[in-house]
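Trainee: I have a new structure to read and would like to go through it feature by feature. Could you show me the general idea each time, and then the case at hand?

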Amino acid sequence: MTSVGYGAAPKGDPSWRHVQVPELEHDARPLRRGLRVLGLLAARLWPGMALPIWHGQPRHRALMEAVAGLPAAELIVANDYTALPAGTALAARTQARLVYDTHEYAAGERDEEARWRLLYPAYIRAIERSGIEAGAAVTTVSEGIAVRLAADYGITQPAVVRNLPFYRSVPGRKAAAEPLVHYHGVIVPGRGLETLIDSVRLWRPQFRLRIQGPSAPDYLEELKARAQQNGVMDRIVFAPPAPADGLVASASEADIGIHVLPGFSHQNSYALPNKLFEYLMAGLAVVVTDLPEMRRIVAGRGVGELVEGERADAVAAAVNAMGAAEIEGYRQAALASARELCWEREKDRFLAVCGPVPSKRG
């Protein structure tokens with residue numbers, strides 16, 4: 001089995017071969033950049049422009065070169081639309097089964113931004129359609145995205161394969177006298193972190209917050225300055241990222257997992273983030289924004305509180321509703337849910353889409 005991608009080989013089965021692709025930047029020369037923007041605009045009227053634009057990017061040409069050197073395959077999984085043209089080309093050459101695994105509603109990923117709405121949705125839809133018309137089976141991570149993709153492309157509703165962690169048990173513990181509210185993930189704008197920090201001054205005084213993950217230094221300093229302005233810097237810890245295989249263990253040190261994702265885009269509305277399932281695996285009570293996909297898990301399984309609205313006072317109301325008894329009840333529900341919401345169970349959905357497991361290794 002072979003993986004192809006940017007960066008070092010993923011951890012896992014050492015029998016996998018990994019082909020590392022150079023992660024080249026866009027050509028930033030003004031003429032090249034201008035032509036690319038014109039091409040993206042043209043794709044709104046002529047979808048056939050999308051693939052030439054994709055192939056024109058240095059990193060995509062490097063990906064195509066890597067794929068061209070691969071031997072015959074029986075199954076190809078293209079991870080997100082950026083890899084789909086390469087997967088489609090390899091499938092056509094080898095007559096392999098192609099699965100397009102999209103982890104976002106890609107065409108609406110950043111539709112809160114005017115520039116994104118102008119340039120990218122038509123381009124992305126054209127790439128996705130080309131792969132689907134070439135015979136790709138489609139999987140995605142939430143019911144909402146699956147429904148939207150079926151409507152966009154007139155296809156059978158894609159299979160939902162959620163991003164679930166492998167099952168692991170965590171030590172049992174009671175809620176701390178000073179409960180720790182925990183956020184982990186990439187620390188970037190657009191994830192509600194400003195609102196989260198603003199809410200801390202409205203929390204009951206015993207609550208503390210830990211924000212853990214990788215971040216650009218400038219943005220991290222902005223968040224720290226915001227905490228300082230709110231007078232809550234002594235109640236917030238900005239922690240370095242845990243390794244991917246240590247996220248659940250690190251989260252299990254806390255009492256409550258929080259994610260107040262703004263619902264300003266189609267992508268966010270349909271989001272079913274990895275971190276929600278990692279929080280449950282860690283045995284945390286959870287506080288999340290009342291968005292459809294997260295509500296389905298949190299309310300349906302009784303594992304936490306929903307934030308009604310995207311304001312600091314609404315976040316604080318949800319956190320302040322967490323007394324020791326509530327935390328303990330939600331924690332037990334989370335641990336029970338984790339036995340079902342794990343990759344050991346979810347993988348069968350994915351294997352059903354892939355068909356018979358390939359017998360050869362390439």
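This is a predicted model: local features need pLDDT of at least 70, side-chain atom pairs count only at pLDDT 80 or more; totals for chains, interfaces and linings use all residues.

Trainee: Is R117 buried, exposed or partly exposed?

Mentor: R117 has a relative accessible area of 42%, so it counts as partly exposed. Setting aside neighbours within four places in sequence, R117 is in contact with R44, D111 and E112. As for P85, it is 32 residues from R117 along the chain, and the two C-alpha atoms are separated by 22 Å.

Trainee: Let us go on to helices. What span should helix α1 have, and what is the distance between its end C-alpha atoms?

Mentor: Helix α1 takes in residues 30-42, which makes 13 residues; at 1.5 Å a residue it should span 18 Å, and its end C-alpha atoms are 18 Å apart, so the two agree.

Trainee: Which residues of α1 are buried?

Mentor: They are G39, L40 and A42. Because they cover an arc of only 160° around the axis, they lie on the same side of α1. P30 and L38, on the other side of α1, are exposed. The cover over the buried residues of α1 includes α2 (50-55), α5 (114-119) and α6 (121-133).

Trainee: Now the strands. How should I read a sheet?

Mentor: Strands of a sheet pair through backbone hydrogen bonds, either parallel or antiparallel. Here four strands form an open sheet in the order β3-β4-β5-β6, and the pairing is parallel. At its edges stand β3 and β6 (159-160), each with a single partner strand, so one side of each has no neighbour in the sheet.

Trainee: Which residues of β3 are on its covered face, and which on its uncovered face?

Mentor: In a regular strand the side chains alternate between the two faces of the sheet. In β3, the covered face has I76 and A78, while L75, V77 and N79 make up the uncovered one.

Trainee: What should I look for in aromatic rings?

Mentor: A pair of aromatic rings is described by the distance of the centres and the angle of the planes. The structure holds five aromatic pairs. In one of them, the rings of Y81 and Y123, the centres are 6.4 Å apart and the planes are at 90°, so this pair is edge-to-face. The pair links distant parts of the chain, 42 residues apart: Y81 is in the loop between β3 (75-79) and α4 (84-94), and Y123 is in helix α6. Both Y81 and Y123 are buried.

Trainee: How do Y105 and Y270 pair?

Mentor: Their pair is edge-to-face, at 6.0 Å centre to centre with 85° between the planes. This pair also links distant parts of the chain, 165 residues apart, with Y105 in the loop between β4 (97-102) and α5, and Y270 in the loop between α11 (266-269) and α12 (274-281). Y105 has 1% relative accessibility and so counts as buried; Y270, at 18%, counts as buried too.

Trainee: Which residues form an aromatic cluster?

Mentor: Y81, W116, Y120 and Y123 form one. A ring can also have a charge over it: the charged end of R59 sits over the ring of Y6, 4.4 Å from its centre.

Trainee: Last, the backbone angles. Where do D80 and Q95 lie, and what are their phi values?

Mentor: D80 is in the loop between β3 and α4. Its phi is positive, about 75°, although D80 is not a glycine. D80 counts as partly exposed, at 22% relative accessibility. Q95 is in the loop between α4 and β4, and its phi is near 60°, again positive in a residue other than glycine. Q95 has 68% relative accessibility, so it counts as exposed.

Methods: Residues are numbered from 1 along each chain as its sequence is written. Side-chain values use heavy atoms; hydrogens and water are left out. Helices (H or I, at least four residues) and strands (E, at least two) are DSSP runs, numbered from the N terminus. The expected span of a helix is 1.5 Å times one less than its number of residues. Buried means under 20% relative accessible area, exposed over 50%, partly exposed in between (1.4 Å probe, protein chains only). The arc is that of the directions from the helix axis to the C-beta atoms. Contact means heavy atoms within 4.5 Å. Rings of Phe, Tyr and Trp (its six-membered ring) pair if their centres lie within 6.5 Å; planes under 30 degrees apart count as stacked, over 60 as edge-to-face and the rest as tilted. A charge sits over a ring if NZ of Lys or CZ of Arg is within 6 Å of the ring centre and within 35 degrees of the ring normal. Two strands pair if DSSP finds at least two bridges between them.
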